[in-house]
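I opened the model to look up a few residues and the packing around them. My notes follow in the order I made them.

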Amino acid sequence: MIQSMTAFATAKGAIPGHDWTWDLRSVNGKGLDLRLRVPDWIEGLDPALRARLGQVLARGNVSLTLRLNSADASGQVAVNPDRLEDVLRAMALVEDRAMSSGLSLAPATAADILTLRGVLEAGTGESDSTALCAALLADFEPLLTDFLAMRAAEGAALAQILHAQLDEIARLTQAAQDLLAQRSADIARAHQTALSRLRDSATDLDPARLAQELALLAVKLDVTEELDRLRAHVRAARTLLESGAPVGRKIDFLSQEFNREANTLCSKAQHSGLTEIGLSLKTVIDQMREQVQNVE
């Protein structure tokens, strides 16, 4: 089953001396863009989380935030005032430089500041973060499971929509095929009428040249290849959707090919019924391309 790139999960955890809140979410993206906001004083946490996310995700703009509170033995949060002062001065300098350059920065929250190295310190004075890192990585797994489950659920809903759109493309392609005999008869009658007018007004018509031009026109109006390619694209898209692998880029490419064939069909139509089918195809294909943007 395909996966959606849209998902959200949150969780809380705690061990003696620490408690935390996770926030993991993702939206569509061309590649995999991981943006982590975790305390950098916990050695090894950031690279371990990035590696774990990279194992299970192929595409999407993914943001992970960890809000960690550390308490001393009395349960009070311990803030390093000197480090906090340094951070606030640095923030003021950055904001002043940005304003002088005509840039407006989003305001930082207290939670943002508390995640910076050294602002919060455990009251116990413990400097080894190995045990805390291990606890956080273990607690991250259920969060990731919930997150992946939501991506799968969204992907299942997307798959249903895409299969229905492929059904409609197949139906319209067959309708175009069924219309070709009537279109040929209508075009032949139109050509006969035009030829009659030419014969009445011109006396030097070359029958051989006229036959050649009519043959070339018939070749230019032939849409057999376009219809064959549309059917082939439908089969290929169904195979991709059922493969279970990350296929977003491939389906996106196929949707562009669908659109190319529909455009050519409209340009060659020369028949109101076939033009209407071609425009209906373009509408469904555009809708499909919007859905495909969120497939992993």
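**Entry 1: a helix residue**

I looked up Asn259 and found 14% relative accessibility, so Asn259 counts as buried (buried is under 20% relative accessible area, exposed over 50%, partly exposed in between, with a 1.4 Å probe and protein chains only). The model is predicted, so I kept to its limits: local features need pLDDT of at least 70, side-chain atom pairs count only at pLDDT 80 or more, and totals for chains, interfaces and linings use all residues. Residues are numbered from 1 along each chain as its sequence is written, and side-chain values use heavy atoms, with hydrogens and water left out.

Asn259 sits in helix α7, residues 248–268 (helices are DSSP runs of H or I of at least four residues, strands are E runs of at least two, both numbered from the N terminus). Setting aside neighbours within four places in sequence, I found Asn259 in contact with Lys282, Ile285, Asp286 and Arg289 (contact means heavy atoms within 4.5 Å).

I then checked α7 as a whole. Its buried residues include Gly248, Ile251, Leu254, Phe258 and Leu265. The 21 residues of α7 should span 30 Å at 1.5 Å a residue, and the end C-alpha atoms are 31 Å apart, which agrees (the expected span is 1.5 Å times one less than the number of residues). Just after α7, Gln270 has a positive phi of about 55 degrees.

**Entry 2: cores**

I looked up the largest nonpolar core and found 32 residues, with Ile2, Ile169, Phe258, Leu274 and Leu281 having the most contacts inside it (such a core is a set of buried Ala, Val, Leu, Ile, Met, Phe, Trp, Tyr and Cys residues joined through side-chain atoms within 4.5 Å). At least two residues of this core come from each of α4 (130–201), α6 (224–241), α7 and α8 (272–292). The largest share, nine residues, is supplied by α4. Not counting residues up to four places away in sequence, Ile169 touches Val234, Phe258, Leu281, Val284, Ile285 and Met288. Another core, of 24 residues, lies apart from this one and has Leu24, Ile42, Leu45 and Leu132 among its members.

I traced an open sheet of four strands, in the order β1-β2-β4-β3 with mixed pairing (two strands pair if DSSP finds at least two bridges between them). β1 (7–15) and β3 (32–37) are at the edges with a single partner strand each, so one side of each has no neighbour in the sheet. β3 pairs with β4 (residues 60–70) in the parallel sense over six bridges, and Leu34 has Val62 in β4 as its bridge partner.

I noted that α1 lies across β2 (18–27), β3 and β4, at about 150 degrees to β3 (axes are lines fitted to C-alpha atoms, for helices over the stretch in contact, and angles run from 0 to 180 degrees between N-to-C directions). Asp46 lies in α1, residues 45–56. At 25% relative accessibility, Asp46 counts as partly exposed. Leaving aside neighbours within four places in sequence, Asp46 is in contact with Leu36 and Val38.

**Entry 3: aromatic rings**

I counted one aromatic pair (rings of Phe, Tyr and Trp, the last by its six-membered ring, pair if their centres lie within 6.5 Å; planes under 30 degrees apart count as stacked, over 60 as edge-to-face and the rest as tilted). The ring centres of Trp22 and Phe140 are 5.3 Å apart and the planes are at 55 degrees, so the pair is tilted. Trp22 is in strand β2 and Phe140 in helix α4, so the pair ties together parts 118 residues apart in sequence. Both Trp22 and Phe140 are buried.
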